Amino acid sequence: MSAASPHAPSSTVSPRPVPEGHVSEPVVSVRGVELAFSGVKALQGVDFDVFDNELFAVIGPNGAGKTSIFNVLSGVYRPQQGTVEFAGTDIRGMRPHKIANLGMARTFQNIELFENLDVVDNLMLGRHAHLGYGWAASVAWFGKAKRAEVANRRRVEEIIDFLEIEGYRQLPVGMLPYGIQKRIELGRALAMEPKLLLLDEPVAGMNGEETEDMARFILDIRNELRIPMILVEHDMGLVMDLADRVMAMDFGKPVATGTPHEVQSHPDVIRAYLGPVDDATLAEVQGELA
Amino acid sequence: MTTFLQSVLNGFAQGSIYALLALGYVMIYKATHVISFAQPALMVCGGLFAYHATSVFELPFWPALIVAIIAGALLGMLVERLALRPMVGKPVFTLAIITIGVDIVLRIFANRYMGPDPRSVPYPGGSNRLEFWGLSISHQRLGLIVVTAVTVAALAMFFRYAKTGLAMRATALNQETALAQGIRVGTMFALAWAIAGGLAAIAGTFVAATGAGMEQNTWIIALKALPAIIIGGLDSIPGAVIGGLAVGLVESITAVYQPDVAPWLGNNFALVAPYALMFLVLLVKPYGLFGTKEVERV
Amino acid sequence: MLTVKNLEVVYNDVILVLRGVSLSVPEGQIVALLGANGAGKTTLLRALSGLLDIHDGEITKGEVRLRDQPIHTFDAPKIVAAGLGQVLEGRRVFSEFTVEENLRVGGHTRRGGLAEGIEEVYELFPVLKERRKNTAGYLSGGEQQMLAMGRALVAQPEILLLDEPSLGLAPRIVAQIKDIIVQINERGTTVLLVEQNATMALSIAQHGYVMEHGKVVMDKPAAELLDDEDIRDFYLGRGDLATSYRDIKHYKRRKRWLS
Amino acid sequence: MTTMLRSAPPAQARKSTGVRGRPLLRTSYHQDLALANTPAKRRSVIGLVIASFVVPFLLTDDLLQVLTLGMISAVGAIGLNLVTGYAGQVSLGHAFFIGVGAYTGAVLGGDPDGAMLGYGLPMWIWLPAAGVVAAVAGLIVGPLAVRLRGLYLAIVTLGLVFLGDHVFREAREITGGPGVGRRGAELELFGIDFSSMEPISGLSRGQAQFFLALVFLIIFAILGRNIARSGVGRAFGAVRDRDVAAAVIGVDLTKYKVMAFAMSSFFAGVTGALYYAVIGVFEPGAFSLLLSIQYLAMVLIGGVATISGSIMGALFIALLPRLSQFIAGFVPDGLISVFQLEAILYGLLIMGFLIFEPRGLFGIWTRIRNYWKGWPFSY
Amino acid sequence: RGGGDEDSASGPGITEEACPDAVNKDNGCIYLGAISDLTKGPFAPLAVPITDAQKAFWKKVNEDGGVGGFDVNIDKYIADAEYNPEIHNKKYQEMRNDVLALGQTLGSSQTLAILEDMKADDVIGVPASWNSAWDFEDQILQSGANYCFEAMNGVDWAVANRGVKGKVLAIHYPNDYGGDAAAGVEAAAKANNLDFKAVETATGQDNQAGAVAAVLKEKPDLVYVTTGPAEMATILGGAAAQGWKGTVVGSSPTWNPALLQTEAAPALEAMYFQAGPWGPWGTESDGHKAMRDALAEVDSPSDGYTAGWVWEYPLLAALKAAADMDGGVTRENVVKAAKDLDSVDYEGMLPDDAFNQTGEANDVAWRQSVISKVDKEAPTGVSIAEEMKAGPTAEGYDYTEPCFALN
Ligand SMILES: Nc1ncnc2c1ncn2[C@@H]1O[C@H](COP(=O)(O)OP(=O)(O)OP(=O)(O)O)[C@@H](O)[C@H]1O
Ligand SMILES: Nc1ncnc2c1ncn2[C@@H]1O[C@H](COP(=O)(O)OP(=O)(O)OP(=O)(O)O)[C@@H](O)[C@H]1O
Ligand SMILES: CC(C)C[C@H](N)C(=O)O
Ligand SMILES: [Mg+2]
Ligand SMILES: [Mg+2]
């Protein structure tokens, strides 16, 4: 198990307790979601809320259903049961592009960039919903389309600056190093100006330094852009350090939700990570973590 | 009723030809993910090999069929080696167009050999017929049905029990990963083409043994196997057989009944009826009846 | 013993990616290969296992020897047959196949005993047994990684090249994979392990190499690397330093060994 | 998102005057987005346009007609490239849309007193109408593309060709039927009859038709570029590369797949009407699988997802029979007939091209350009 | 200006310069075009011999001294139009400035596709077809009875000799060729009180399932086929294989001796008869003999040769007449000369008065055909069953317009 050390509270954002009786309306609210694929129960009874300006993390062993939650949220999968509310709309079963247009953006576990397009085009695609011109204007180009392209290109440049990828602008993304591709995927999501950002394993396959960079970007998004996020990650150090609240899952079910500290010492979570353990070991581990 | 049964029987026989051809397409698809538009040429050449064997070497039908199968398989391998192998790893549609080039070139040599006149392979027993329940079928068509059944069974066994079958499919899914498992990708391609060439030769031989024989325009028959493979699913052996038979049946039944039942569909609607059937099947099953669904996950 | 001498690899006739890499993997050992993204680790593995030409890559200089036999002129199937197996980066399972079919393909070069081979893999990865009839493409990321490893093991390779096996795996599975690598090694398989998770890799390896920009820049026993300050900084992350990411400043640091 | 303006200076602030030494330096997004955004591109475009105005005075009418037909096909090839190259939906159904356009054009613009249906409407009506009717046909098949992928889609569009062929054969009043055919639309614009044998203000028929085709090609090439460089073209690319990801970032898959088919079919419709107006007589058999394949070959040989590649590919395919004829002239008779030799060369040239230059003519062009760019520093 | 060579002495298609490989080096050269079906069209088995016979015909003319100081060349402008009107038109456009006349334009609809342009260009043509439309066109020089009369004669003959009583089915291409014959069949059916039904069928062996089904369903006594040879054999063979028995009469282009090598041979021998415009290859006449001598090297004779040869006589006559006119051989003079021809010397292959362009069609059109039967021993697989004659239907037919026009 990698280092899952407790951390000092951040100086910029005050940690949130599990909101009870809630302070503000949730951005997204999931209730009783069930998802099955020909026999395999990927999700069972998943409930959670994510609030404004919150960094909500989902952890769990492989196959626990983390990515499936993202797929349900972004409309790739249609759950058999339950409700999903986002931005005040019931989005269960809505088609992905509609949900995206409501303001949900995500990155993918295995990079899903448009590999034959260059970096600028990939980011411009993030702005697709903001272009505001139709096919007719596009065929004519001069006028509306051109103005919109220039305006949106400017926004994309801001993101390029933000993510420090100036040097790669005109290169097809398929040729770029993995770490940069991950960043571009984040940039594409940011370009959507989302109300909620879903990050699926943003630091998988990165070394320590690259992980630090990514962590910094996540913090910047949180602090400067104030976009609520759901983070799925296996790097416990990162999760425990950054998240306001954590939901741990196993076999498609949430086993614990709370502050990083609470979740970390939850017996079920430890079991999920270590496998079946006897009570003595459990107590030992809990002691270690405390 | 007799009319109907007779048309079913005819469709079944004709469908056997389509099934053999469809199997050829499926073989190549299974190993390379390419639809080979060279199948028509392989069929024509196969028929001509048999013609040559019977008319020049003066062999009887069955040995001639064997000769044709072997020659067809070799030709398939040759084509793969010369035209397709240099393209390994290139987009499949580029490869498909290359097979069209192959088809054009091969058919011209075949046409050159044929000349404008039809070429025909004599079937033992010629126009003898088997009559039962008021139906009738020629010995030649009966032979076709039997040969098709045997071939299909043999292929199905091959894919079920031989590891080469699985290796072939793996090659089609991802060449690099297949290579990393130690699979000889080139051999798989060659094998697929050889089998396809052999199958096309069987079909060609029986086509040449029917009616007015093999002539320059006969190749078009091979295109009828295209809706068959879509109906059955591009990569399924049972699919190819069922698709081929379905095309044969639909064609023959439509030919008999459509002029009375739905004259507004025009003359010779039977020719495109297989495509209509294909659309219907795809509305319900986007990967055909037995095709493997592409896995898509994010 | 696998030795690489002075290897140079070029993609598309122009992009020089490996610039004279030399290393050796002694028999029976676990050797770790570290390096930032894009350093050329995967390229090196491709060169070893004969998978370059499919990527338009080419060895332009140098040689690769397995048991003193030059193998850089072999094609991939021949290399596999010679006993060099590779687990490709990014899982690469045959998505449309079932788990079991994947394993059967893995045993393509195995002579006999396929069923036992598969059974052994199931013992190492019990999840796979549960999912044996499932379509591989629908497994979770971790399950797919296990399948990819299992698939390579069915062929009983002498030397196993592992390209980032811990990628995307939960800590428990990483630990498990780690154990499995040790186990495989103990059974006599030599391992060349490419990893981003340096802690894991160095904790089981005897020796480690670090690559940057297509060159080997460090070459030390694993224990020494673990103690190296730069390596700690760049590959192990803040690890035990127990500082929060929040407190790490936004500045670009330089790798001292490059200057 | 305004907080993101941490370090991005407004684009204009980077304005530079030192253009001379740095020809690729662009100082505004407008420049970056322009059609010919490098001096080299500008120069070659100007060069090409000049060449196109000189060529007609150097060639005989029959060769000019080959080029004319090539340019008209190029419009259709651009259309196919939109749906297949840009949006990644492989269509073997282009022949059908071309046919729809051809018959729409022929009916609306055909001789009202001829044997077949014809309304004798002017070109400025029949030509756009041909595009629109074909586009509507494209709208109808578009939804199929949403359900199907890859080769399944390709073969289904092929089915369209066969069904279309049947309809064309049977609609005798419109098409004349198989083996009979009909005349195309009257090629008359602004009172100029482009099919008359008499010289038109000093230009022969071949020259006049060449210029007509050239003008249409330029217009449609620009339209094609506009689609490609705008949000629509980008969305096509997204759908092609990763459709799930495209949907998740807000691209409506159905809408863009259908749009790709409709736009592509519009181009095809225009090509059909114009092409057969120049050809004169055409019969339903023309819109067969072979035609679709020829267009696919144009796209592949020219270069996938490039407008200029489509044009090069179309001209290449149009010139190929002549080229084969020419080469066949040097080969002694006897082994095979001239016609057979021509056909073989046709097949071999297509194959040779794809085998030795899979990136297409556009790839060759890029290579030459890169060579000169690097000159004298490259070997 | 774009266009063809304009170095000719007296207009397009004729030069003072000798022909390439000329027989008479001192003669000028007349260029004839031939638009045929040489590779993959349905009539290639016929059209290749037709074209070869025409080359031989003009070679012989040249060897006899040529026409009015010119040799005639039909080798240089040969095009393969695959029996497709679109390609036919395209090929005509390619050669329209280079030829004096068309020594061959194969196919009815194909020729109709270029007829307007031929008229505009003053180009006359020898059809490789027999269509009732040609009797009303001055620029198309037709020999022998057209498909329409041929069909009437065929049906009349079958009624008289094969005991046909009930139903006659006309299976035909949906073009001017098929339409013309079907119109003749219909007229004859009416005159003989037979039931008539027409079935259209496309080119290609693989497209005949519908036609076969129609035969089996309608169970006619007589099937009159107007397709290509391969289609005819497929239909007949297919219907016979499923137990149909009856008589089949085919229009003249439906026969190809090579069919006797196919599986359909027994059925053909039992049921097939060919209506035709003149005696086959082996017939005794001066013209037939001249043809056989000129084509001595041919190893498998076909009546394509016969047809190709016969068809050229009127063109030769027209060229000869034009050579004697003011201005000599020009397109205009050839058109004029052809218009005034009231007989042609066919060297006995047809009666001289079988060709007459000068009167009303009803008065001058040739209505006589021969009927042949399958005969394995005969050089071209058929021998005459009934000599040249016009049946009662054709005799009595009021011929004021073409039997059939597509519209
Ligand atoms: N499209 C699908 N069809 C069938 N089963 C699926 C599908 N998608 C996911 N599953 C199954 O659902 C379960 C949860 O998968 P999911 O990808 O959500 O896991 P995860 O928590 O993201 O795992 P990892 O950390 O390995 O990425 C797995 O067992 C997987 O096999
Ligand atoms: N097929 C290819 N064509 C051209 N360049 C390539 C190709 N494959 C890799 N490269 C380039 O070669 C360099 C090394 O890539 P490689 O994949 O070997 O790195 P790596 O060390 O394995 O990185 P990672 O940790 O991301 O897997 C990179 O800059 C990459 O862009
Ligand atoms: C002689 C044949 C080739 C002519 C053709 N059947 C036609 O008249 O159309
Ligand atoms: Mg996941
Ligand atoms: Mg790598």
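Analyst: Let's start with one term: a salt bridge here is a side-chain nitrogen of Lys or Arg within 4 Å of a carboxyl oxygen of Asp or Glu. Keep in mind that this is a predicted model. By that rule, the count over all chains comes to 48 salt bridges. The idea behind it is simple: side chains of opposite charge can pair when their charged atoms come close. For an example, look at A:Arg153 and A:Glu157, whose side chains meet in a salt bridge with an N to O distance of 3.2 Å. Both residues belong to helix H5 of chain A, which covers residues 144-163. They're four residues apart, or about one turn of the helix.

Zoom in on the oxygen atoms of ligand 1 next. One polar side-chain atom of A:Asn62 lies 2.8 Å from an oxygen atom of the ligand. A:Glu201 brings a polar side-chain atom 3.5 Å from a ligand oxygen. How much of ligand 1 does the protein bury? Taken alone, ligand 1 exposes 630 Å², and the protein buries 95% of that.

Ligand 2 comes next, and you'll find it between chains A and C. It has 19 residues around it, with C:Gly38, C:Lys41, C:Thr42, C:Thr43 and C:Glu89 coming nearest. Two of these names turn up again when you check the ligand's oxygen atoms. An N or O atom in the side chain of C:Thr43 is 2.4 Å from an oxygen atom of ligand 2. C:Glu89 likewise has a side-chain N or O atom 2.4 Å from an oxygen atom of ligand 2. For C:Ala39, a polar backbone atom is 3.2 Å from a ligand oxygen. On its own, ligand 2 has 630 Å² of accessible area, of which the protein covers 79%.

Which parts of the chain C fold supply that shell? Strand S2 (15-25) and helix H1 (41-49) of chain C each give at least two residues to the shell around ligand 2. The largest share is four residues, and it comes from H1(C). By class, the shell around ligand 2 holds seven nonpolar, eight polar and four charged residues.

That leaves ligand 3, which sits in the largest cavity. The residues around ligand 3 are E:Phe43, E:Tyr83, E:Leu106, E:Gly107, E:Ser108, E:Ala128, E:Ser129, E:Trp130, E:Tyr147, E:Tyr177 and E:Pro253. How does that shell around ligand 3 split by class? It has eight nonpolar, three polar and no charged residues.

A polar side-chain atom of E:Tyr83 lies 2.7 Å from an oxygen atom of ligand 3. E:Ser108 does likewise, with a polar side-chain atom 2.7 Å from an oxygen atom of ligand 3. In E:Tyr147, a side-chain N or O atom is 2.6 Å from an oxygen atom of this ligand. Taken alone, ligand 3 exposes 290 Å², and the protein buries 99% of that.

Key. Residues are numbered from 1 along each chain as its sequence is written. Chains are lettered from A and ligands numbered from 1 in the order in which they are written. This is a predicted model: local features need pLDDT of at least 70, side-chain atom pairs count only at pLDDT 80 or more; totals for chains, interfaces and linings use all residues. Side-chain values use heavy atoms; hydrogens and water are left out. A residue is near a molecule or strand if one of its heavy atoms lies within 4 Å of it. A polar contact is a pair of N or O atoms within 3.5 Å; within protein, one must be able to donate a hydrogen and the other to accept it, and residues adjacent in sequence count only if both atoms are side-chain atoms. Accessible areas come from the Shrake-Rupley method with a 1.4 Å probe; for residues, only the protein chains shown count as cover. On a 1 Å grid over the protein atoms alone, a cavity is a set of points where a 1.4 Å probe fits but cannot get out, and a pocket is an open set with protein on both sides within 12 Å along at least five of seven lines; lining residues have an atom within 4 Å of a point. A molecule sits in a cavity or pocket if more than half of its atoms lie within 2 Å of its grid points. Ala, Val, Leu, Ile, Met, Phe, Trp, Tyr, Cys and Pro count as nonpolar, Asp, Glu, Lys and Arg as charged, and the others, Gly among them, as polar.
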